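I opened this notebook to record what I looked up in the structure. The entries follow in the order in which I made them.

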Amino acid sequence: MKYFPIEAEPIQSFQSKDELNISVLPPLSLYIHYPWCLKKCPYCDFNSHAIKSTDNYEEKIYLESLILDLQQQLPLIWGRTINTIFIGGGTPNLISAQGMHYLLNKLRALLPLQPDAEITMEANPGAVSEENFQAYYDAGINRVSIGIQSLNNHHLQALGRIHDKNEALHTLDIVQTIFNNVNADLMYGLPQQTVEEAQYDIAKIIQSGVPHISAYQLTIEPNTWFYHHPPRIPSEENLTDIEETIHNILKEHGYNRYEISAFAQEKHQCQHNLNYWYFGDYLGIGAGAHGKLTFHNKIIRTQHKKNPKDYIDSIQKKDFMSKFQINIPKEDLTAEFMINALRLINGFDINLYEQRTGLKLTSIQQSLLLAQSKNLLIIKENKIKPTPLGINFLNNLIELFL
Ligand code: SF4
């Protein structure tokens with residue numbers, strides 16, 4: 001068993017200058033945000049807006065703005081290739097077939113794209129047209145992530161979803177007749193949910209044959225309707241039972257947990273999300289979209305205006321670039337890296353920290369040793385890996401690096 005070399009440099013080895021020294025740029029992804037849904041769900045804190053409540057919604061103007069946005073950001077990524085694309089929302093399957101063709105054709109014309117790039121779109125049942133999915137596939141989409149959440153009509157209603165169980169199962173079916181790479185989002189810890197109900201949901205989703213499942217616990221976020229009208233969620237004890245039941249069933253059926261909430265059959269891990277967790281780079285386009293980009297001497301964050309109308313205005317006026325990017329301070333990089341990488345069940349290569357942050361591993365030596373002594377992580381065979389205890393108490397583990 002190999003341990004971290006404690007005789008190495010002492011902790012105060014931050015470089016004295018503010019500049020970083022990064023020799024290899026990380027892989028690059030593209031995130032595209034589509035901010036509209038048919039209706040706002042009461043638990044949702046994403047940048048999503050009910051389509052009917054948005055003045056002057058026009059698909060054409062939004063898609064053109066996305067392309068203009070990309071064109072203006074291109075100088076930030078000259079010479080780099082895009083490995084994955086993710087169209088998130090919102091409900092991107094509200095985009096017309098014609099709109100999706102326009103978007104992906106323009107992207108391909110503007111960006112060097114890996115030939116086998118994973119191109120995911122999120123989709124919600126209840127806003128589904130079978131013909132559209134075939135058209136999305138023809139346009140170049142090769143992975144779909146479906147917001148199923150539950151297969152219990154009572155819970156779906158409580159979550160304010162627009163679909164019912166039958167629509168959800170139908171969507172799982174039609175999408176899988178077209179796509180091989182499909183994720184289903186499942187939510188648990190729903191208001192008054194029992195272990196048996198959660199067991200039913202996960203068993204049915206597995207039965208549908210999807211190769212990837214994301215299982216999230218319902219959390220009550222500020223700025224949501226649920227925050228102001230809290231539902232009765234299961235007790236801590238029930239939540240633990242529900243979570244263990246779901247994880248055990250997934251394991252029994254060959255879904256490997258590779259991140260806190262992500263479970264995949266072989267060769268179906270989400271490449272786009274893995275890039276986030278390995279602290280890779282991503283260009284963000286669309287209302288409220290974030291980006292993270294590495295240069296040899298700095299790492300920047302970018303963020304667009306959240307409100308779709310303000311976003312479109314700023315893009316059309318071409319004046320957003322000046323207020324749009326900030327350098328990530330050196331002292332924040334460790335936490336940002338760890339918040340992502342420690343979510344990975346199998347951990348990460350010991351060299352990745354230096355490669356991605358430009359900081360010396362010795363600068364976090366004390367935190368690593370402390371985390372080891374608390375049995376929250378292990379350092380073994382050149383890997384840093386959270387222990388099962390570290391995964392269960394991830395916030396405590398991350399705090400050691402703040
Ligand atoms: S469908 Fe998804 S993005 Fe849209 S409001 Fe509901 S949770 Fe939010």
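**Strand β7 and its neighbours**

I began with β7 and strand β8 (residues 212-217), which pair in the parallel sense over six bridges; two strands pair if DSSP finds at least two bridges between them. Across this pairing, N183 stands opposite H212 in β8. The model is a predicted one, in which local features need pLDDT of at least 70, side-chain atom pairs count only at pLDDT 80 or more, and totals for chains, interfaces and linings use all residues. Residues are numbered from 1 along each chain as its sequence is written, and side-chain values use heavy atoms, with hydrogens and water left out.

I then looked up strand β6 (residues 143-149), which pairs with β7 in the parallel sense over six bridges. Here V144 stands opposite V182 in β7. Strands (E, at least two residues) and helices (H or I, at least four) are DSSP runs, numbered from the N terminus.

Is β7 (residues 181-188) mostly covered or mostly uncovered? I found it mostly covered, with eight of its eight residues buried; buried means under 20% relative accessible area and exposed over 50%, with partly exposed in between (1.4 Å probe, protein chains only). N181, N183, D185 and M187 are buried on one side, and V182, A184, L186 and Y188 on the other.

**An open sheet**

I noted an open sheet of three strands in the order β15-β17-β16, with antiparallel pairing. β15 (348-349) and β16 (377-380) stand at the edges, each with a single partner strand, so one side of each has no neighbour in the sheet. F348 stands opposite I384 in β17.
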